[in-house]
Amino acid sequence: MTPLEMEDNLRPTDKAYKAIYEKAYKTWYRLWAGAAKDYSLPLTCLEAEQLFIHHPVLPVGLDPDDSGLVTAKSTWISSEGCCDIPPFEQTLQMVVIAATPTPIILTSDPSLTPFQWVGKDDGHLTVLVLAWAYALSARWAEIIPRASPIEYTTSQAPWIARRTTDEASESDRTTVVNLGNPSSEAARWWAAVLAPGEGWRTAIPHVRWRLLSPWSVIKESNSVPISITGSPSCTGAYSSTPASFEMAMQYIKDYSTFHNTNTQCRAALAAALLLPVARLDKRKIMLYAAPRPCKRRLLQQPGEKSEPEASFFEEHCQPQFDRLLTLSANAHGMKTVLGSVFYEPGIPANICGAWLQGTMAVLQSKGAEDLHILGRMLFDRSPHISYLWLGGIITGAHKDFLQNTFYLLGLNRIDIHAAAWTGTLLSFIQEPVSPSHHDSKSISRADECRLMYLTQEPPRQFPPIFPYPLLGNTDIKDADLGVQLHAHCPGKHRLQFVSITWNCIGGKKDVQRTYPIPVASRKHVIQNLHEDEDMAIEVDYSWLDREKDHSEDVTRNLFTWMRDMDGFTIAERDIRQHEWIDAFDSSDDESVDPEGDGGSTTGLNTAGKMGRWVANTVTRRCNSL
C-alpha cells in the first residue's frame, strides 16, 4: 500500500483523503469517457457457455430444511509448498426458495430498459425473460425431490386472431406475441408463461408457508396486456399437462429460432438469473413490452455483427445451465459478485470512504441516467462478470448499489464461496500473503488478518464483513500464535477452494471437488486507463464529504474482527483509545456480536456500538491491553 499522510494513528489528512477521492473519480471518469464513445453491447457479454465452468451445482436429490435453507460444508486450503497449515472448513448457507413471487411490471417506456441492446420495436426480451423464469423453476423442481411438480393456474394469456402490424390500431396497447405454428402443448405453455398475475407455480409443500421457486414471478400491471397468436389450428383445446424442463427449453428454442432472437434469448437468461437478487432487494422489475405485435426480426444483413447461436438448448450444455442456476439461487452470493466492480484493491480501510465518494460522484453525475453507458462502464470494469451485469442492468440491480456510498460498500456482502467459484476478487482476504524476509520483526495488518483467517487460530467461521484492509503493521511477537508460526514461512499462503459437501435426501452426501480457480485480473482495464492518462479531467468535488465518510466504521469493524479474542497489543494503546475505536461510553448497553464469532451485524447501526465492545475486550495475553 502507498504510505498515507496521517493526522494521527488512524485518520488521514484532508490532503490524503482528497487524493484518493480524485483517484477514484478519474478512474471511473475514464470508464465513462470510453463508454460514452462506444456503448455498444460487446458480444463477449453474451457468451455464457464457458462462464464459471468450475462452479459447483446443486445436486439432484438436494435436501433443504423446512424453511428452504441449504447448509453445506466447504473445504479450503491455504498454503502451497512446505507448509503444514491443515485444510479447514467453512459453512455455506443459501435460501433456495422464495416466500413470494418477484413482481414484474410491464411498461411501454423503452427508456427504462437498455433498448438499443435488446430491441426497441419488439417485446421479445420480456417474453423470453418470463419463459426462462419457468425453465429455471422447472429444473429447480427436478433437483429438489420434495418440490411439487410445476402446475398451471387458471390464469392464461388470451388467444387472438392473427394480425399484422398494420392491422393494429394506435389505440390498441396490447403486446401480441406470434408463436408461429405451435403444438397445443406449446400454446398452453405460452398461455401460462405470459398470463396476467401468476400463470404457473411450483413449491416445496409446507403446512404454513409458501416455499416457492426462487424464479417465481407475478405480473402486477395490465397497462400493457399480452396476448398470443399463431396458426389457426391452435385455437382449439389446450393440453393441460404442464411442460417439463426439457420441453420448456424446446419451446424457448423454437421461439428464438422463429423470431431470430438469439441475442435477446441470451440477454433474457441473464435477466432471469437476476430475479432472486430483485427479491432480495425487495425490488419490482420493470420490463419493456412493446404495445404492438412483436415483430419477427430479419435475418442478419451483410455488414452486421454476427449473433452468437443459442446453444444452451443442446443436451451437453445442461451442466452449464445448472451452474448458472446454482449461482442464481444464491442471491446473496450473486449480489456479492455484482458489487465487486466497486471494490478497489490496495485502498486501506481508513480511507476507503474517499474511494467510494469519488466513485459515486461519477456514477451519479455521468452514468446513471443512461443505462447503456452505465452498463458499458460496468462491463469494462470487470469483463468476466459482464454477462451477470447485463442481467443486472435489465432488471435494475444497479439501483440498489447507487442509492448512496454505503450501498456501494455493502454490509456483510462478502461471500467467499461465490467469489472463489466465479474467480472474482472482492476482498483483501483473498489476496496472497506477502513474502516476508526472515529477519523482519513486523507484519502488515493486512497480512496478519489473512494469516489469522487461513490458520484458523482461533477458528473463525467468517472472514471480515468489509473488503478493505487495515493500514499499519504489528510486531510479529505480539501477533496470534498462528501468525507467528507462519509469518516467515517459505510456503505461499492464499485462500483456495477445494470442495463442497451438499446434504441430500436419505442422509446422503454429495461431494463436489474442483481445480484451483484463478482470480480474474483487471490488468487490461488498468492498461486501457493508463492510455488515457493525458485526458484532461476536471474533478467534481460535490461528493467529497468527510462528515459522511464510512472509513471509520470499516476500520472499527476490522479491529473488532482481529482483536476480539486477545485484545489490542500494548503497541496499539493509542489506537484503542482513538475516538474511532473508543467512541462510545458504557451507558450504551446494546451488545454487538463480533463477526469473528459468527454473529451478524445486519440490522445494527454499524456507525456505533462497536467501539465500546472492542475497548472492553478481556485481556488474554500478556502483551495486550
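Ser499 stands opposite Arg513 in E15. The model is predicted, with local features needing pLDDT of at least 70 and side-chain atom pairs counting only at pLDDT 80 or more, while totals for chains, interfaces and linings use all residues. Residues are numbered from 1 along each chain as its sequence is written, and side-chain values use heavy atoms, with hydrogens and water left out.

**Exercise 1.** Determine the strand order of the open sheet that holds E15, and which strands stand at its edges.

*Solution.* Start from E14 (residues 492-503), which pairs with E15 in the antiparallel sense over 5 bridges; pairing requires that DSSP finds at least two bridges between the strands. Strands are DSSP runs of E with at least two residues, helices are runs of H or I with at least four, and both are numbered from the N terminus. Extending to 4 strands gives the order E2-E1-E14-E15, with antiparallel pairing. Strand E2 (88-95) and strand E15 (509-513) each have a single partner strand, so one side of each is left without a neighbour in the sheet.

**Exercise 2.** Decide how many disulfides the structure holds.

*Solution.* With a disulfide taken as a pair of cysteine sulfur atoms within 2.5 Å, the structure holds 0. For Cys489, the nearest cysteine sulfur, that of Cys83, is 3.6 Å away.
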